[in-house]
Amino acid sequence: MFKDLDHVTIIVKDLDAAVAQFKTILGTDKVRRSEPTPGRGYRAVHFDFGSTNIEVITPTDQHGPWARRLAANGDGVYLYALKVDNLRKTVDELRSKGVRLVDDPGPGTGPITNLVCIHPKSAGGAMILLLER
């Protein structure tokens, strides 16, 4: 079912300050910046480590889900992304266990085309993004 950690996303109010802080903590200047994607609602910076990375994001849309989460909880871990062998099978298994999912298309549907996450209330307060890789 679960294979590996893909990445961890940390949400912050001040991206530049967070990048400086992580550079100091991690002892690296290797930073990969993602250009904002229209409609995504955030800017991102990545610190790569082998096959995983820490993604630090800040909202660009003050009314979107990231801004609401930041306003409610402040800076901190937003999600963990886990790699799975088979997304459909994993979602079916989690659903059968009563795990609350976000963007679950429901049983008996066709291929999953959206991202599916384990809801923070089922995962200790942080969302878990499921990625088939």
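The questions and answers below walk through a predicted model of a protein.

Reader: What radius of gyration does the protein have, and what would a compact globule have?
Author: The C-alpha trace spans about 45 × 35 × 30 Å along its principal axes. With 133 residues, a compact globule would have a radius of gyration near 14 Å. The protein agrees with that, at 16 Å.

Reader: What share of the residues is buried, and what share of the accessible surface belongs to carbon and sulfur atoms?
Author: Take the residues first. Of the 133, 41% count as buried. The accessible surface comes to about 7700 Å². The part of that surface belonging to carbon and sulfur atoms is 51%.

Reader: How far apart are the centres of the positive and negative side chains?
Author: The protein has 18 positive side chains. It has 16 negative ones. The centres of the two sets lie apart by 2 Å.

Reader: Which residues of helix α2 are buried, and which are exposed on the other side?
Author: Helix α2 covers residues 65-73, and its buried residues are Trp66, Ala67, Arg69 and Leu70. They cover an arc of only 160° around the axis, so they sit on the same side of α2. The other side carries the exposed residues Arg68, Ala71 and Ala72.

Reader: Which strands do the buried residues of α2 pack against, and what residue with positive phi follows the helix?
Author: The buried residues of α2 pack against β1, β3 (42-49), β4 (52-59) and β5. After α2 comes a residue whose phi is near 75°. That residue is glycine 74.

Reader: Why are the buried residues of α3 on the same side of the helix, and which residues are exposed on the face turned away?
Author: In α3, residues 87-96, the buried ones are Leu87, Thr90, Val91 and Leu94. They are on the same side because they cover an arc of only 95° around the axis. The face turned away carries the exposed residues Lys89 and Ser96.

Reader: Which strands do the buried residues of α3 pack against?
Author: Two of them are β1 (2-11) and β5 (76-84). The others are β6 (101-102), β7 (116-118) and β8 (127-132).

Reader: Is threonine 90 buried or exposed, and which residues is it in contact with beyond four places in sequence?
Author: Threonine 90 lies in helix α3. Its relative accessible area is 2%, and buried means under 20%, so threonine 90 is buried. Leaving aside neighbours within four places in sequence, threonine 90 is in contact with Met1, Phe2, Val84 and Leu130.

Reader: What distance separates the C-alpha atoms of threonine 90 and aspartate 103?
Author: Along the chain, threonine 90 and aspartate 103 are 13 residues apart.

Technical notes. Residues numbered from 1 in each chain as written. Predicted model: local features only at pLDDT ≥ 70, side-chain atom pairs only at ≥ 80, totals over all residues. Heavy atoms only, no water. Rg over C-alpha atoms; globule rule 2.2 N^0.38 Å. Buried < 20%, exposed > 50% of the residue type's maximum accessible area, 1.4 Å probe, protein only. Areas by Shrake-Rupley, 256 points an atom, 1.4 Å probe, with all protein chains shown as cover. Lys, Arg positive; Asp, Glu negative; His and termini not counted. Charge placed at Lys NZ, Arg CZ, Asp CG, Glu CD. Helix = DSSP H or I, 4+ residues; strand = E, 2+ residues; numbered from the N terminus. Arc of directions from axis to C-beta. Contact = heavy atoms within 4.5 Å.
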